[in-house]
Amino acid sequence: MAGIFISFEGIDGAGKSTHIDRLVRVFEEQGRAVTLSREPGGTPLAERLRQIVLNEPMDAMTEALLVFAARRDHIGQVIAPALERGDVVLCDRFTDATFAYQGGGRGFDWTILAQLERWVQGTPLLQPDLTIWFDLPPAVAAQRLAGARIPDKFEAQPQEFFEQVASGYAKRCVGEPARFARIAADQLPEQVWVDVHHAVVTKGWLA
């Protein structure tokens, strides 16, 4: 079987984790091997870089360079080998998050991010076969996260930051509409799951 690469995007509080775990079970029930990972992270090196990016003050370019360095290791060590084995790769965030957070939220140069994307993700460009974007109004996300845990430096940003992040995701979605499934994440969880499941079934990957 050919490998399948699905990424899950959205701001914190959008409810990605619950539906990712459910999709893992559905694929496994149909006999597929699943590799579950996340970004930044997914390898020992990338996880160390994740802690730096999420907690240390730095400018937007430094953030972007560290995230793409982590991604390079993640692709080489985890994603590419899993796809070659024919696994289903489910990744909590990928490059769209960099464009959304560093490009949209931080206002970093979109052209430079696109160049880094080409350098790190190769030719032809390694991209998910499907990106499921949990689109949630930032005000709703803030309500969901209030008091849930000690926030990292991104979670602690004001609502205006997340509005720009959402705009970044929207820009990526407009640029590659065939790759994106935009899910309204402010619905009841069961309806969100129905939409997620439908997006995957439509691709022909599930019965």
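These exercises walk through helices, packing and a few loop residues of a predicted model.

The model is predicted: local features need pLDDT of at least 70, side-chain atom pairs count only at pLDDT 80 or more, and totals for chains, interfaces and linings use all residues. Residues are numbered from 1 along each chain as its sequence is written, and side-chain values use heavy atoms, with hydrogens and water left out.

**Exercise 1. Find the buried residues of H7 and say where they lie around the axis.**

Step 1. Locate the helix. H7 runs over residues 159-175 and has 17 residues. Helices (H or I, at least four residues) and strands (E, at least two) are DSSP runs, numbered from the N terminus.

Step 2. Check its span. From first C-alpha to last, H7 reaches 25 Å, close to the 24 Å expected at 1.5 Å a residue. The expected span is 1.5 Å times one less than the number of residues.

Step 3. List the buried residues. They are Phe161, Phe162, Val165, Ala166, Gly168, Tyr169, Arg172 and Cys173. Buried means under 20% relative accessible area, exposed over 50%, and partly exposed in between (1.4 Å probe, protein chains only).

Step 4. An α-helix has 3.6 residues a turn, so residues three or four places apart point the same way.

Step 5. Look at the other side of H7. There, Glu160, Val174 and Gly175 are exposed.

**Exercise 2. Describe how H4 packs on H7.**

Step 1. Take the geometry. H4 (residues 95-105) packs with H7 at an angle of about 130 degrees, and the axes are 7 Å apart. Axes are lines fitted to C-alpha atoms, for helices over the stretch in contact, and angles run from 0 to 180 degrees between N-to-C directions.

Step 2. Classify the angle. H4 is therefore oblique to H7. Angles under 35 degrees count as roughly parallel, over 145 as roughly antiparallel, 65 to 115 as roughly perpendicular, and the rest as oblique.

Step 3. Name the residues. On the H4 side, the contact includes Phe99, Ala100 and Tyr101. On the H7 side, Phe162, Val165 and Tyr169 are among them. Contact means heavy atoms within 4.5 Å.

**Exercise 3. Trace the surroundings of Ile11.**

Step 1. Ile11 is in the loop between strand E1 (4-9) and helix H1 (16-29).

Step 2. Ile11 is buried, with a relative accessible area of 4%.

Step 3. Leave aside neighbours within four places in sequence. Ile11 is then in contact with residues including Arg93, Tyr101, Phe162, Val165 and Tyr169.

Step 4. Turn to one of these contacts, Arg93. Arg93 is found in the loop between strand E3 (88-92) and H4. Its phi is positive, about 80 degrees, although Arg93 is not a glycine. Arg93 is buried too, at 12% relative accessible area.

**Exercise 4. Locate two cis peptide bonds.**

Step 1. The bond from Glu39 to Pro40 is cis, with omega near -15 degrees. Pro40 is in the loop between strand E2 (34-38) and helix H2 (44-55).

Step 2. The bond from Thr123 to Pro124 is cis, with omega near -5 degrees.
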